[in-house]
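Q: Please go through the terms used for this predicted model and set each one against its criterion.

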Amino acid sequence: MTAASDLLEWLRDERRRWAEQADEDEQNTFVRLAATSRRDQLATVLARLERDLPVIEAEAVEAAIAETDRLADVIEGVPV
């Protein structure tokens, strides 16, 4: 697993845990509202990460390729 997939899985687990607290019938109102808020915050973060991580990864790959090309040009320019 990659760091990104580990992070997403951890966030999903946290969201599930808070959702369980929010849906618990025997919770007092304050705890239920706090859990609902936390669940919703985690859902927002997850949605954003799931949307943005592929773009971030593509940008990182593009930067690595550009650096590789730059280094190849430098190596080609060095006399043997």
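**Helix packing and burial**

Q: How is the crossing of H1 and H2 classed, left-handed or right-handed?
A: In this predicted model, the crossing in which H1 passes H2 is left-handed. The contact of H1 with H2 comprises 15 nonpolar, two polar and eight charged residues.

Q: Why are H1 and H2 called roughly antiparallel?
A: The axes of helix H1 (residues 3–23) and helix H2 (residues 29–77) cross at roughly 155° and come within 8 Å. Angles over 145 degrees count as roughly antiparallel. The two helices, H1 and H2, are therefore roughly antiparallel to each other.

Q: What span should the 21 residues of H1 have, and how far apart are its end C-alpha atoms?
A: At 1.5 Å a residue, H1 should span 30 Å, and its end C-alpha atoms are 30 Å apart, which agrees.

Q: Which residues of H1 are buried, and why are they said to line one face of the helix?
A: Buried means under 20% relative accessible area. In H1 the buried residues are Leu8, Leu11, Glu14, Ala19 and Ala22. Viewed down the axis of H1, its buried residues fall within an arc of 140°, so they line one face of the helix.

Q: Why does Val31 count as partly exposed?
A: Val31, which lies in helix H2, has 28% relative accessibility.

Q: How far apart are Val31 and Gln21 in sequence and in space?
A: Val31 and Gln21 are separated by ten residues in sequence and by 7.8 Å in space, C-alpha to C-alpha.

Key: Residues are numbered from 1 along each chain as its sequence is written. This is a predicted model: local features need pLDDT of at least 70, side-chain atom pairs count only at pLDDT 80 or more; totals for chains, interfaces and linings use all residues. Side-chain values use heavy atoms; hydrogens and water are left out. Axes are lines fitted to C-alpha atoms, for helices over the stretch in contact, and angles run from 0 to 180 degrees between N-to-C directions. Helices (H or I, at least four residues) and strands (E, at least two) are DSSP runs, numbered from the N terminus. Angles under 35 degrees count as roughly parallel, over 145 as roughly antiparallel, 65 to 115 as roughly perpendicular and the rest as oblique. A crossing is left-handed if the near helix is turned anticlockwise from the far one by less than a right angle, and right-handed if clockwise. Ala, Val, Leu, Ile, Met, Phe, Trp, Tyr, Cys and Pro count as nonpolar, Asp, Glu, Lys and Arg as charged, and the others, Gly among them, as polar. The expected span of a helix is 1.5 Å times one less than its number of residues. Buried means under 20% relative accessible area, exposed over 50%, partly exposed in between (1.4 Å probe, protein chains only). The arc is that of the directions from the helix axis to the C-beta atoms.
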